[in-house]
Amino acid sequence: MVVGDVTTGTDVLIIGAGPAGYVAAIRAGQLDLDVTLVEKDAYGGTCLNYGCIPSKALITATDIAHEAGNAEAMGIHADPAIDLAGMVEWKDGVVDQLTSGVEKLCKANQVTLLEGTATFDDEHTARVSHSGEGQGSETLEFENAIVATGSRPIEIPNFEYDDEPVLNSRQALALDSVPDSLVIVGAGYIGMELAGVFAKLGTDVTVIEMLDSIMPGYDDDLKRPVKKHAIELGIEFEFGYAASEWHDRDDGDGIRVIAEPAADDETTPLELDAEMVLVAVGRQPVSDTLALEDAGIETDDRGFIETDSRGRTSAEHIFAAGDVAGEPMLAHKGSMEGKVAAEVIAGEPSAIDNQAIPAVVFTTPEIATVGLTESEAEADGFETVVGTFPFRASGRALTTGESDGFVKIVAEESDGYVLGASIVGPEASELVAELGLAVELGATLEDVASTVHAHPTLSESVMEAAENALGHAIHTLNR
Ligand SMILES: Cc1cc2nc3c(=O)[nH]c(=O)nc-3n(C[C@H](O)[C@H](O)[C@H](O)COP(=O)(O)OP(=O)(O)OC[C@H]3O[C@@H](n4cnc5c(N)ncnc54)[C@H](O)[C@@H]3O)c2cc1C
């Protein structure tokens, strides 16, 4: 059907159906608003299609194979064979199940779904171009809008994602054969998660990082077990180098990646041979393709749309949510912002006032943080008390065969209010939820310590860390 010069109206136009946009649409539908959700690619956005879900599916699958092949201590002798095509088919099935669920939920909440690319014409009008020859475009008039267009991977000079051996994370998650060797540029959380996946698939992985450690922003004690495990997996690190170019090798056997020393010194450039190179140096907001200026929406110098505590942009009736609205670029932060924007449009007194947003890195072992670290709390002027509990003292951790790492809780010394927590170890991603709730509820160390935790569980380590801060942990020595 050719669509052209049609004008329709909607109360709320939402651009982008990732975890910020589709969640905003469903919430707005629940609040009886007339909603149109425009998506140019796939429902569920980066998160469901090319990010969180596919990466976690492959992390789980490769972990199972790796653990099965390394469980002699438990009396298991196995040599699992990985059928990548089968693994990818299973991962794609998970993605399809979730994305079709998003579509069904939107429809069940009376959200009008529109496939196409939206750009602003003016403060109350957007144009939606439909892809495909002769598909034309249509005009949408709106009362309110939510911009939830997400982010894209940053490209570095000389490494274009259109060149076959150069991959971004999306392309790396869609490979149909395992590369023999891979250079990963960037040791941030995406680079480190994918380094683990490929190493467990049998790829020789080398990570180049400009800085002098993995995952800048995380405390050294959290990163140490992750780096140790990565080295045990055979991952090699080259710190202090910036990838500058690549070329095909003269013998036709793969590529050569050149990296210059990041500091201006006499060190010679690095040359690394590999089959492919994955660039994971961060993501940038998708805000440059929307003609935001025509709608009166301002961005900061990095391209993020600036918003207030209700998600409003510089145009009062237009909101922004998710990666395009700034750091931290995490799916759950975007969903929370999407819900707030929908509720504010519906006239509810909602605001973004969370005390803490958890962040998780799905490496082996996992890292999870929420609220303030000890040094952040001290920089904010708090007198702190810290409690820790090592997983090697947890009965449950020992029964899983994964006992590296610890739980650390930071609290106010005077009244015991929990300010934050850091965990590195098994199931850190799940354990952090209790501590996020503690921060949100204004719980004290006493509250956490006196809550009965089931035995034998990893969650007992959270209780013991709180007890340790109070000076009476049972299964570790108190300071
Ligand atoms: C490999 C990887 C792993 C990740 N793992 C995690 C994780 O474990 N946990 C976590 O919290 N986060 C993770 N993230 C980050 C997470 O994916 C993002 O924070 C999240 O997807 C942001 O949601 P969003 O709705 O803001 O944007 P997106 O999910 O990017 O969705 C934006 C949507 O807008 C659409 N769009 C853009 N412009 C237009 C337009 N003009 N018209 C119509 N549609 C448009 C896009 O097609 C896209 O579907 C990961 C990211 C990657 C790449």
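Predicted model: local features only at pLDDT ≥ 70, side-chain atom pairs only at ≥ 80, totals over all residues.
Local features were kept only at pLDDT of at least 70 and side-chain atom pairs only at pLDDT 80 or more, while totals for chains, interfaces and linings use all residues. Residue numbers start from 1 along each chain as its sequence is written, and side-chain values rest on heavy atoms, with hydrogens and water left out.

An unreviewed UniProt entry carries the annotation "domain: Pyridine nucleotide-disulphide oxidoreductase dimerisation" for residues 357-466; UniProt positions are in the numbering used here, feature names are shortened, and annotations may be inferred rather than shown by experiment. Over residues 357-466 the chain comes out as 35% helix and 28% strand, with the end C-alpha atoms 20 Å apart. Helices (H or I, at least four residues) and strands (E, at least two) are DSSP runs, numbered from the N terminus.

Now for the backbone. The peptide bond from Glu-327 to Pro-328 is cis, with omega near -10°, and Pro-328 belongs to the loop between strand 17 (318-320) and helix 8 (331-345). The bond from Thr-364 to Pro-365 is also cis, again with omega near -10°; here the proline is in the loop between strand 18 (359-361) and strand 19 (366-371).

Gln-110 has a phi of about 60° and is found in the loop between helix 4 (84-108) and strand 3 (111-115). Met-215 has a phi of about 40°, and its loop runs between strand 10 (204-209) and helix 7 (220-232). With relative accessible area, buried means under 20%, exposed over 50%, and partly exposed in between (1.4 Å probe, protein chains only). On that scale Gln-110 counts as exposed at 59%, whereas Met-215 counts as buried at 2%.

On to the rings. Searching the whole structure gives two aromatic pairs. Phe-120 and Phe-142 have ring centres 5.9 Å apart and planes at 70°, so this pair is edge-to-face. Phe-120 is in strand 4 (residues 117-122) and Phe-142 in strand 6 (residues 136-147), so the pair ties together parts that are 22 residues apart in sequence. Phe-120 is buried at 1% relative accessibility, and Phe-142 is buried at 3%. For Phe-237 and Phe-239 the centres are 5.5 Å apart and the planes at 5°, so that pair is stacked. Phe-237 counts as buried at 15%, while Phe-239 counts as partly exposed at 23%. The pairing rule takes rings of Phe, Tyr and Trp (its six-membered ring) with centres within 6.5 Å, calling planes under 30 degrees apart stacked, over 60 edge-to-face and the rest tilted.

There is a charge-on-ring contact too: the charged end of Arg-170 sits over the ring of Tyr-50, 3.5 Å from its centre. The rule wants NZ of Lys or CZ of Arg within 6 Å of the ring centre and within 35 degrees of the ring normal.

On a 1 Å grid over the protein atoms alone, a cavity is a set of points where a 1.4 Å probe fits but cannot get out, and a pocket is an open set with protein on both sides within 12 Å along at least five of seven lines; lining residues have an atom within 4 Å of a point. Grid points are joined across faces, edges and corners, and a volume is the space filled by probe spheres set on the points.

The second largest pocket has a volume of about 970 Å³. Its lining holds 35 residues, with Glu-67, Thr-364, Thr-400, Gly-401 and Glu-402 nearest the centre. Helix 3 supplies the largest share of that lining, seven residues. By class, the lining splits into eleven nonpolar, twelve polar and twelve charged residues, where Ala, Val, Leu, Ile, Met, Phe, Trp, Tyr, Cys and Pro count as nonpolar, Asp, Glu, Lys and Arg as charged, and the others, Gly among them, as polar.

Two cavities of 30 Å³ or more were found. The largest cavity holds about 110 Å³ and is lined by 17 residues, including Thr-364, which is also among the residues nearest the centre of the second largest pocket. Helix 6 (189-201) gives this cavity the largest share of its lining, six residues. Nine residues of the lining are nonpolar, five polar and three charged.

The second largest cavity holds about 60 Å³. Leu-58, Val-88 and Phe-198 are among its lining residues, and helix 6 provides the largest share, three residues. This lining has ten nonpolar, no polar and no charged residues.
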